[in-house]
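Here are some friendly notes to read with the structure open beside you. Take the points in order and find each residue as you go.

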Amino acid sequence: MTLTPTPAEPTPAEGRAPDPDGAAAADALTPGTDAPTWPAKFAERYRAAGHWRGETFGGILRERAAAHPDRIALVDPAPERRTWTYRQLDEAADRLAAGFAARGIGRGDRVVVQLPNVGEFAEVVFALFRIGALPVYALPAHRDTEIGHFCAFTEAVAYVVPDVHAGFDHRVLAGKVQEATPSLREVFVVGDPGPHTALADVPLDPAGTARWAASAAGPLPHELAFLQLSGGTTGVSKLIPRTHDDYVYSLRGSNEICGVDADTRFLVVLPAAHNFPMSSPGWLGALYAGGTAVLCPKPDPATAFALIERERVTMTGLVPPLALVWTEAAARGEHDLSSLELVLVGGAKYSEAAARRLEPALGCRLMQVFGMAEGLVNYTRLDDDPETVVTSQGRPISPDDEIRIVDDAGQDVEDGAFGHLLTRGPYTIRGYWRAPEHNRTAFTDDGFYRTGDIVRRLPGGHLVVEGRAKDQINRGGEKIAPEEIENIVLAHPAVHDVSLVAVPDEYLGERTLAHVILREGAGLVKATEIKRFVRERGVAAFKVPDVVRFVDAFPQTGIGKVSKKGLRSAADSAEQH
Ligand code: OOB
């Protein structure tokens, strides 16, 4: 099959560049996106510096497919090995885009994508990029509560799921969500569709695809590409609006730092929808460079090591608990890991002791990464001295990443002192999607994002993460907003109040402990009952409290502080405005 040119795909060569000075469009809210964006003078600066080059994801894939059609873009090893060349991925994206469009999915529409690490993930998101529809990246672990919220809040028109994954039937969940969400017209299923539509039935034939391509108007580079999920500190995840321009810049910068090129074979071990394995440098970084993304169905060493050996994987990204398990397993020497050149570790604090063991065990280089889906990503560098690599979380990608470290009053601290990390830059958002109230506190008046992280800066500019000021639990890289789980536990008829806190865990770094105060006369309630209640409400399993402890009062109420319950109801009424 020949390539179908899509006139609407803006590439630097094809024109359809953003308005010449980049001012008008970038200044206001991007039309139809409901999210604040960069003021014109910043957009101009980022374009002038060559950070924003007017690329779009659809255009990038088109260019790579033209430049090296037969190179392998994607490997999905399970259950039987499938590969996509750049040409095949490009064509699959076009045909699926045409099929989605024929079913009424249009530019700016939101589509919740909940897929595990399968090749269809890339086909679907590139198809949506081509249309200018926005994928909303759900995690495979998400359940009724999260998916219901994403679909309702974004007024999603479609939801893409696997049939059954990790023993869970996503078609049943999709049916329930569809019933509750009037906007949700379509459910597309990878595999056996049940009562829904098989994704395999969506793509149009080449003639239909060519007709669609001739009339379609794809997105502009400064427009939104997708909505990523925030780790969250509130009852529900905030959505992070990322543009083609800003995200592509973070890929290009990450690739330079990590040495990603056409020979890179990147193993996607963490869920592909997470920002880290997607873009630091991740599977999108590998595709940007013309390399290969190898999708790993499960993160355990037995599965991953076999793939590293067979596919000659050169690079991967891990959260600290996995890095620990891999380090131990590699010592057994059962697999040939000699192709592995670089392992990135991030998402949560990596202990210095564990970091020291990784390189000798895996026989490759270590790079620490401290990033956030809102934007800013820090890496240690390949030419850093080994001590810096094991003791710091790296420095920002861009010379235009602005870093402030401030005290509680918002004043800059002395060099080297601890403080709150604030940041602003060419790939850090200026506001969450449809959250004007929250944005007022999450960002400073001059556009710095309050990361909620406590850091100090080393003389060379590297940051060391020292703690957290946000109400969030980091369970081995998976983020939990205590408020979300507290609200669920509070709905239990026997519960008077609850407080979810982090407790140290040797393997995960942190796990969750729910302090529960029962109502008077509630009788005997077991910890397992509370956990079951949370699970049955339908949330990702990693959010179910690890430990439940029944108490008579929270420690802080005794010293005159406002109880968590009081704080929660105050926060609720503030958000209702
Ligand atoms: C990554 O992104 P998110 O959005 O899931 O979480 C961001 C938060 C940070 O604000 C920080 O609290 C924590 O995760 N974090 C780290 C860390 N990396 C992330 N804390 C300590 N040490 C680290 N190395 O987690 C993410 C996004 C892109 C690349 C890497 C991680």
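This is a predicted model: local features need pLDDT of at least 70, side-chain atom pairs count only at pLDDT 80 or more; totals for chains, interfaces and linings use all residues.

1. Domain 1 (57-69 + 82-219) and domain 2 (473-576) each supply at least three residues to the core. As background, nonpolar side chains tend to be buried together in soluble globular proteins.

2. A cis peptide bond joins serine 280 to proline 281, with omega about -20°. Where does proline 281 sit? It is in the loop between helix H10 (275-279) and helix H11 (282-288). Another cis peptide bond links alanine 78 and proline 79, and here omega is about -5°. Proline 79 lies in the loop that runs between strand E1 (72-76) and strand E2 (82-85).

3. Next, check two backbone angles. Glutamate 155 has phi near 50°, a positive value in a residue other than glycine. You will find glutamate 155 in the loop between helix H6 (144-154) and strand E5 (158-162). Is glutamate 155 buried or partly exposed? Its relative accessibility is 42%, so it counts as partly exposed. Arginine 312 likewise has a positive phi, near 50°. Its place is the loop between helix H12 (301-311) and strand E14 (315-318). With a relative accessible area of 35%, arginine 312 is partly exposed.

4. Now for a sheet. What is the strand order in the open sheet of four strands? It reads E19-E20-E21-E22, and the pairing is antiparallel. Strand E19 (402-406) and strand E22 (463-468) are the edge strands, each pairing on one side only. From one strand to the next, the twist averages 45°. E19 and strand E20 (residues 419-424) run antiparallel and are joined by five bridges. To see one of these pairs up close, look at isoleucine 405, whose bridge partner in E20 is leucine 421. In general, strands of a sheet pair through backbone hydrogen bonds, either parallel or antiparallel.

5. Finally, step back to the whole protein. There are 19 helices and 27 strands in it. How does the radius of gyration compare with the globule rule? The radius is 23 Å, close to the 25 Å that the rule gives for 577 residues, so the protein is as compact as a globular protein of that length. Along the principal axes, the C-alpha atoms fill a box of roughly 70 × 55 × 55 Å. Of the 577 residues, 58% count as buried. Among contacts with a separation of 6 or more, 69% are between residues 24 or more positions apart.

Technical notes. Residues are numbered from 1 along each chain as its sequence is written. Side-chain values use heavy atoms; hydrogens and water are left out. Buried means under 20% relative accessible area, exposed over 50%, partly exposed in between (1.4 Å probe, protein chains only). Domain bounds come from an automatic or database domain assignment. Two strands pair if DSSP finds at least two bridges between them. Axes are lines fitted to C-alpha atoms, for helices over the stretch in contact, and angles run from 0 to 180 degrees between N-to-C directions. The radius of gyration is taken over C-alpha atoms; the globule rule is 2.2 Å times the number of residues to the power 0.38. Contact means heavy atoms within 4.5 Å.
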